[in-house]
Amino acid sequence: DYADMKIAYCATSPAGAKTLCSTAASRFSPSGSSGSVTSSTSQAMEWFCAKESSELASKDSICKRASLLKQMRDATTTPDAKKDLLKQLKEHPAPAYGTTQAIYADFCKIKTNGELPLCTSLRRTAESKKMASWYCASSEEAKQGLWCRRSELVQETGGETERERGRDGERAGVCESCPRSPPASQSVW
């Protein structure tokens with residue numbers, strides 16, 4: 001269903017769909033190569049933390065967490081040091097999904113960052129959303145297909161997965177029915 005949708009969409013030569021249409025249409029994948037995306041997300045966090053001004057109240061915690069994660073990924077970090085880092089990570093929970101997405105979006109606006117895996121992934125996601133909207137509006141048969149029904153469910157939940165909605169809603173105190181995360185003392189990340 002996804003491959004058919006993508007082939008049909010790309011055949012129309014849509015504006016701004018270069019990233020999406022330049023890749024194979026054989027399967028749907030919600031994310032790229034995790035190693036290369038992880039590297040560029042680290043770059044984005046380093047960029048954010050190096051900025052002199054930020055009105056974000058949680059910047060210190062976000063930057064401390066990014067620093068701890070960088071140390072965790074370092075091959076020279078000993079297992080005992082990693083245990084200590086894990087304890088410290090519990091004190092600096094992951095920022096809200098929307099916060100990290102905003103940091104990544106600002107980072108990707110910088111022209112020299114545009115081709116990093118993180119930035120191409122963000123563009124591909126935006127292009128995929130446009131493609132799904134186009135495809136699902138193209139016919140009643142398409143609208144009843146699995147892909148369009150999935151897209152409709154995602155849209156009904158505010159465009160977020162359960163994990164994202166639970167994390168943001170709980171932190172912001174706006175989601176009374178969101179599943180609750182374990183207390184920070186029980187969570188590694």
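**Figure 1. Tyr2 is buried, with a relative accessible area of 12%.** Buried means under 20% relative accessible area, exposed over 50% and partly exposed in between, using a 1.4 Å probe and protein chains only. The model is predicted: local features need pLDDT of at least 70, side-chain atom pairs count only at pLDDT 80 or more, and totals for chains, interfaces and linings use all residues. Residues are numbered from 1 along each chain as its sequence is written, and side-chain values use heavy atoms, with hydrogens and water left out. Tyr2 belongs to helix α1 (residues 2-11). Helices are DSSP runs of H or I with at least four residues, strands are E runs of at least two, and both are numbered from the N terminus. Tyr2 and Gly145 are 143 residues apart along the chain. Their C-alpha atoms are separated by 9.9 Å.

**Figure 2. The protein has 10 helices and 0 strands.** Along the sequence the pattern reads α-α-α-α-α-α-α-α-α-α. Of the 189 residues, 30% are buried. The protein exposes about 12000 Å² (Shrake-Rupley method, 1.4 Å probe). Carbon and sulfur atoms supply 54% of that area. Contact means heavy atoms within 4.5 Å. Among contacts between residues at least 6 apart in sequence, 59% join residues at least 24 apart.

**Figure 3. A salt bridge joins the side chains of Lys70 and Glu46.** A salt bridge is a side-chain nitrogen of Lys or Arg within 4 Å of a carboxyl oxygen of Asp or Glu. Here the N to O distance is 3.3 Å. Lys70 lies in helix α4 (residues 59-73) and Glu46 in helix α3 (residues 34-50), so the pair ties together parts that are 24 residues apart in sequence. Glu46 is partly exposed, at 42% relative accessibility. The whole structure holds 3 salt bridges.

**Figure 4. Lys109 pairs with Asp106, and Arg123 pairs with Glu115.** In the salt bridge between Lys109 and Asp106, the closest N and O atoms are 3.4 Å apart. Lys109 is exposed, with a relative accessible area of 65%. Asp106 is partly exposed, at 35%. The side chains of Arg123 and Glu115 also form a salt bridge, at 3.6 Å from N to O. Arg123 is partly exposed, at 29%. Glu115 is exposed, at 66%.

**Figure 5. Helix α4 meets helix α5 (residues 79-90).** The two axes come within 10 Å and cross at roughly 160°. That makes α4 roughly antiparallel to α5. Axes are lines fitted to C-alpha atoms, for helices over the stretch in contact, and angles run from 0 to 180 degrees between N-to-C directions. Angles under 35 degrees count as roughly parallel, over 145 as roughly antiparallel, 65 to 115 as roughly perpendicular and the rest as oblique. On the α4 side, the contact involves Lys64, Arg65, Leu68, Leu69, Gln71 and Met72. On the α5 side are Lys82, Leu85, Leu86, Gln88 and Leu89.

**Figure 6. Helix α6 (residues 97-108) crosses helix α7 (residues 117-138) at roughly 105°.** The axes come within 10 Å. That makes α6 roughly perpendicular to α7. From α6, Gln101, Tyr104, Ala105, Phe107 and Cys108 make the contact. From α7 come Leu118, Cys119 and Leu122.
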